[in-house]
2 protein chains.
Amino acid sequence: MLSEKQKELIERIGVFHEHKGMQPLVGRIMGLLLVHGNAEATFEEIVEELSVSKSAVSNALTFLQAKDRITYHTKPGDRKRYFSLRMKNWSEELEREMLEITKMKDVLDDVIQERDDSSCPEFRKCLVDFSDFLDFFKNEIPSLFKKFRSQKS
Amino acid sequence: MLSEKQKELIERIGVFHEHKGMQPLVGRIMGLLLVHGNAEATFEEIVEELSVSKSAVSNALTFLQAKDRITYHTKPGDRKRYFSLRMKNWSEELEREMLEITKMKDVLDDVIQERDDSSCPEFRKCLVDFSDFLDFFKNEIPSLFKKFRSQKS
DNA sequence: AATTTGGTTCTTTTTTTTGTGAACTAACTG
DNA sequence: CAGTTAGTTCACAAAAAAAAGAACCAAATT
């Protein structure tokens, strides 16, 4: 059903998502849905194509739905669910990832406040700089998307 | 030696780094170095303050040095190493993290090339849009840093 | 009503990750 | 040279994550 090339892509996509902290199967399912001919797959297909257990797939799909990364639709006279990636919100997802980077600011500010830097003021300066940049970046994110959209049209 | 507040910060910083895929102790060591009064700590101190084994600390420090996240300096007449965060390169680290996000583009482009989207052209369009944005973002990163620096001075 | 289909849930197993402890080394100290 | 200090290495244990498998359930089918 899947070509070698497709299988290889699924693994690569899987590993990519693993690096972001997702569990292996979750990543590979996203891979399958990206690569799949109709951009959708049934529960059964996932079990077969990835050769994993039903329980593993069930859990992974529940997780992906909770995270709003996939949806499913049904077809008349067919009890199966057809799962597909919610591609419309890739930009939201991306925005969330960027914001994730800036999360460090919160803890960093607490560190700065807590530190007594009478001895090493240069260190404090570094921390403040870092925090300032994260703040700057956080504010820049919306403009970034806006700029992209205006550049496109 | 460490206040409750400091311990709490260390744990928070630890968890933050765990989310990025670092192992727990590695994250907590970075936390300790951030919070520590002199912004540096010896091997022994790390073992004691975090109450972990010497071997675990040894491995974590080796890792952090390999990743260029810490350095150490020594003091005359003192065999101990004083480890500290390489704070100068927070911006490089940040840049790497941003680039990490754009890594998806590579695999995405392979997916686009491999897909036969005679049936679902809207899906392909989504993928291309996504890929285009990642490309845009990748290019935007240097300007982002430049803009920050100019805004600062 | 019995069976099949499409899944879910719960317990158990497997695998991976993380950390320990003891033995070891290399450099210094008396 | 014997002992200490500072740290590394390696074999193993503990804990956590991931997946398997069997039992189960609800809706549809025969």
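**DNA contacts and helix packing in the predicted model**

The surface near DNA strand D comprises six nonpolar, eight polar and seven charged residues. Here a residue is near a strand if its C-beta atom, placed from the backbone, lies within 6 Å of the strand. Ala, Val, Leu, Ile, Met, Phe, Trp, Tyr, Cys and Pro are counted as nonpolar, Asp, Glu, Lys and Arg as charged, and the others, Gly among them, as polar. The structure is a predicted model, in which local features need pLDDT of at least 70 and side-chain atom pairs count only at pLDDT 80 or more, while totals for chains, interfaces and linings use all residues. Residues are numbered from 1 along each chain as its sequence is written, and chains are lettered from A and ligands numbered from 1 in the order in which they are written.

Of the 21 residues around DNA strand D, those that come nearest are A:Ser55, B:Phe43, B:Ser55, B:Ser58 and B:Arg81. Two or more residues of this surface come from each of helix H2 (24-35) and helix H4 (54-66) of chain A, and from each of helix H3 (43-49), helix H4 (54-66) and strand E3 (78-85) of chain B. Helices (H or I, at least four residues) and strands (E, at least two) are DSSP runs, numbered from the N terminus. H4(B) provides the largest share of the surface near DNA strand D, six residues.

At least two residues of the surface near DNA strand C are supplied by each of helix H3 (43-49), H4 and strand E3 (78-85) of chain A and by each of helix H2 (24-35) and H4 of chain B. H4(A) gives the most, with six residues. By class, six residues of the surface near DNA strand C are nonpolar, eight polar and seven charged.

Chain A is divided into domain 1 (4-85) and domain 2 (90-152), with bounds taken from an automatic or database domain assignment. The C-alpha centres of the two domains of chain A are 33 Å apart. The axes of helix H1 (residues 4-19) of chain A and H2(A) come within 7 Å and cross at roughly 135°. That angle makes H1(A) oblique to H2(A). H1(A) passes H2(A) in a right-handed crossing. Residues of this contact include A:Leu9, A:Ile13 and A:Phe16 of H1(A) and A:Val26, A:Met30 and A:Leu34 of H2(A). By class, the residues of the contact of H1(A) with H2(A) are ten nonpolar, five polar and two charged.

Between the chains, 36 residues of chain A are in contact with 36 residues of chain B, contact being defined by C-beta atoms, placed from the backbone, that lie within 7 Å. On the side of chain A that touches chain B, at least two residues come from each of H1, H2, helix H5 (90-102), helix H6 (104-114) and helix H7 (121-152). H7(A) gives the most to this side, with nine residues. The side of chain A that touches chain B has 21 nonpolar, seven polar and eight charged residues.

In the pairing of H7(A) with helix H7 (residues 121-152) of chain B, the axes are 11 Å apart and the angle is about 135°. H7(A) is therefore oblique to H7(B). H7(A) passes H7(B) in a right-handed crossing. A:Phe133, A:Phe136, A:Phe137, A:Glu140, A:Leu144 and A:Phe148 in H7(A) meet B:Phe133, B:Phe136, B:Phe137, B:Glu140, B:Leu144 and B:Phe148 in H7(B). Ten of the residues in the contact of H7(A) with H7(B) are nonpolar, none polar and two charged. For these helix pairs, axes are lines fitted to C-alpha atoms, for helices over the stretch in contact, and angles run from 0 to 180 degrees between N-to-C directions. Angles under 35 degrees count as roughly parallel, over 145 as roughly antiparallel, 65 to 115 as roughly perpendicular and the rest as oblique. A crossing is right-handed if the near helix is turned clockwise from the far one by less than a right angle, and left-handed if anticlockwise.

Technical notes: Contact = placed C-beta atoms within 7 Å.
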